[in-house]
Amino acid sequence: MANAHLEVFVEPFRENDPGPHVTAVIEAATAAGLEPDMGPFATEIQGNIDVMADAIADMIRAGFSKGATAMQLRIEAA
């Protein structure tokens, strides 16, 4: 199966204080078996595209349920 690279930017952005809206997205990705790497602006995830595709819906729901006002997702083949 193909691998992909996903970047997720969750707003509102607060430097050095990711907030529950960001941690919820990371927890949803982790629960799906992915290994997110939280950077200074975006969280990056490498993984199987099928697993990632299924996890994205949960990540979006988790972020907005915890106060996200916007999310930007960029996915590309790895």
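Author: Leaving aside neighbours within four places in sequence, threonine 43 is in contact (heavy atoms within 4.5 Å) with Leu6, Glu7, Val8, Ile26, Pro36, Asp37 and Met38. This is a predicted model, in which local features need pLDDT of at least 70 and side-chain atom pairs count only at pLDDT 80 or more, while totals for chains, interfaces and linings use all residues. Residues are numbered from 1 along each chain as its sequence is written, and side-chain values use heavy atoms, with hydrogens and water left out.

Threonine 43 belongs to strand E3, residues 43-48; helices (H or I, at least four residues) and strands (E, at least two) are DSSP runs numbered from the N terminus. Because its relative accessibility is 7%, threonine 43 counts as buried, where buried means under 20% relative accessible area, exposed over 50% and partly exposed in between, with a 1.4 Å probe and protein chains only.

Strand E3 is part of an open sheet of four strands, ordered E2-E3-E1-E4 with antiparallel pairing. Strand E2 (37-38) and E4 stand at the edges with a single partner strand each, so one side of each has no neighbour in the sheet. Two strands pair if DSSP finds at least two bridges between them, and eight bridges join E1 (residues 3-11) to the antiparallel E4; in E4, methionine 71 stands opposite valine 10.

Helix H1 lies across E1, E2, E3 and E4 and runs at about 160° to E1. The axes of H1 (residues 19-31) and H2 (residues 49-65) come within 7 Å and cross at roughly 155°, which means that H1 is roughly antiparallel to H2. Axes here are lines fitted to C-alpha atoms, for helices over the stretch in contact, with angles from 0 to 180 degrees between N-to-C directions; angles under 35 degrees count as roughly parallel, over 145 as roughly antiparallel, 65 to 115 as roughly perpendicular and the rest as oblique. In this packing, His21, Ala24, Val25, Ala28 and Ala29 of H1 meet Asp58, Met59, Ala62 and Gly63 of H2.

Not counting residues up to four places away in sequence, threonine 69 touches Glu11, Pro12 and Phe64, and its C-alpha atom is separated by 5.6 Å from that of glutamate 11, which is 58 residues apart along the chain.
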